[in-house]
Amino acid sequence: MADQIADQFAFRPSGSTTAALIDLLQQITSMLQRNDYVLIVSTDFTRAFDTVRHCTLMQKMAILDLPDNIYNWIANYFEQRGHLTKIYDIISAIAFINASIIQGSVIGPPSYVVAASDLHAKSPRNSLMKYADDSYLLVGSSNICSVYEEFAHIKAWAAKNNLQLNPHKTRELIVYRRRAGSSAPLDPFLPGATRVTSMRVLGVVLSANLTMGNHLDEILSSSASSIHALRMLRSHGLGSPQLHVIARSTTLASMLYASPAWWGFTSARDKDRLEKLIGRLQRGGFLPDDGLSFADLAADADRRLFRSLVSNPSHVLSRHLPAIKTTNYNLRPRAHGFTLPEKDTCNFIPRMLFERIYC
């Protein structure tokens, strides 16, 4: 089962949008090493959580290595579910529910993971990253002829599982290798899809050149509104300690969202913009004067995620870790025992290995 859900980052222990973005960016940059460009196709299923058939779900549950009593309990849980309405003494007829993953229940999220576990890229040269019902298909330029077949495969899987692709949310973004000339057609590869120059992926804006300027533009715009709200709270008598707590839990948290995934792709100018925003918050009294810089805050987020990754063999990102280096020499302790990958100052895992910040 672990191999079947390796490309799913929602509703799993250690799974998160940050991990999903790290995986996506790692795969894009790896594919760019042997392709002039990588096509990202963003897909979305209409009301996915409400349309998963219980009978189809139980067929997939039956394949899992579950004890009989657990499987029978789950089957009984989904069987003959219904809804009725009562107004005073009038009770409606029962409307039986034969689809949905029963949101709000403990078993609901894992049920969707099982339901989507058999959706994968058809070609081994392509890749699929899933976060709940959001799916992102990656196809390199050398295999671009397969994009039609891959999309048809996703549509066929959706039809078989009582799901429907939302055509209005299908987007295409072409990410080019640096210094590579534009060789992709201007029109979308898929009929009905929209070609874009930047794409919002799980709350982070990706650009065609994998820079984070557009994402930071949105961060700064949102922070301006947040600072106005903080000023309003202060004008109504809220003290500095309370303002510091609110600013850290709103503005600062928004700025740091998924930072381990995108921090390595920021330019010096982008980092300076973030530091200026921190300075503005400090001068306004919304953050302590002796608070950490944004670079230090981002580094702390990197350390915490990397510690979690290397200490958990079942972490969703563990497949990206290089092999442990074995040596017979008794040298001084290293920051980590992994074989160093090819130099990469952008992606999270190579960046952490080279910076040797693990402790």
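Reader: Great, what should I know about the model before we start?

Author: This is a predicted model, in which local features need pLDDT of at least 70 and side-chain atom pairs count only at pLDDT 80 or more, while totals for chains, interfaces and linings use all residues. Residues are numbered from 1 along each chain as its sequence is written, and side-chain values use heavy atoms, with hydrogens and water left out.

Reader: Ok, the sheet. What order do the strands have?

Author: The order is S6-S7-S1-S8-S9, in an open sheet of 5 strands with mixed pairing. Helices (DSSP H or I, at least four residues) and strands (DSSP E, at least two) are numbered from the N terminus. Two strands pair if DSSP finds at least two bridges between them.

Reader: Which strands stand at the edges?

Author: Those are S6 (127-131) and S9 (194-196). Each has a single partner strand, so one side of each is left without a neighbour in the sheet. From one strand to the next, the twist averages 25°. For angles like this, axes are lines fitted to C-alpha atoms (for helices over the stretch in contact), and the angle runs from 0 to 180 degrees between N-to-C directions.

Reader: How many bridges join S1 to S7?

Author: There are 7, and the two strands, S1 (residues 37-44) and S7 (residues 134-140), run antiparallel. If you want a spot to look for, Asp44 stands opposite Asp134 in S7.

Reader: Found it! And which strands does helix H1 lie across?

Author: H1 (residues 17-32) lies across S1, S6, S7 and strand S8 (171-176). Its direction is at about 10° to S7. Helix H6 (residues 147-160) also packs on the sheet, touching S1, S6 and S7, and the direction of H6 makes about 20° with that of S1. Touching is a matter of contact, with heavy atoms within 4.5 Å.

Reader: Which residues in H7 and H10 meet?

Author: From H7 you have Gly213, Leu216, Asp217, Leu220, Ser223, Ile227, Leu230 and Arg231. They meet Asp270, Arg273, Leu274, Leu277, Arg280 and Leu281 in H10. By class, the residues of this contact of H7 with H10 divide into 7 nonpolar, 2 polar and 5 charged. Here Ala, Val, Leu, Ile, Met, Phe, Trp, Tyr, Cys and Pro count as nonpolar, Asp, Glu, Lys and Arg as charged, and the others, Gly among them, as polar.

Reader: What about H11 and H12, at what angle do they cross?

Author: The axes of H11 (residues 294-310) and H12 (residues 348-355) cross at roughly 95° and come within 11 Å. That makes H11 roughly perpendicular to H12. On the H11 side are Asp302, Leu305, Phe306 and Leu309, meeting Phe348, Ile349, Arg351, Met352 and Leu353 of H12. The contact of H11 with H12 has 7 nonpolar and 2 charged residues, with no polar ones.

Reader: And H3 with H5: how do their axes cross?

Author: At roughly 80°, and the axes come within 9 Å. H3 is therefore roughly perpendicular to H5. Leu57, Lys60 and Met61 in H3 meet Ser111, Val114 and Ala115 in H5. In that contact of H3 with H5, 4 residues are nonpolar, 1 is polar and 1 is charged.

Reader: Last topic! Where is Lys122?

Author: Lys122 sits in the loop between H5 and S6. Leaving aside its neighbours within four places in sequence, Lys122 is in contact with Glu149, Glu150 and His153.

Reader: And how many Å apart are Lys122 and Ser92 in space?

Author: They are 47 Å apart, C-alpha to C-alpha, while in sequence Lys122 and Ser92 are 30 residues apart.

Terms used. Angles under 35 degrees count as roughly parallel, over 145 as roughly antiparallel, 65 to 115 as roughly perpendicular and the rest as oblique.
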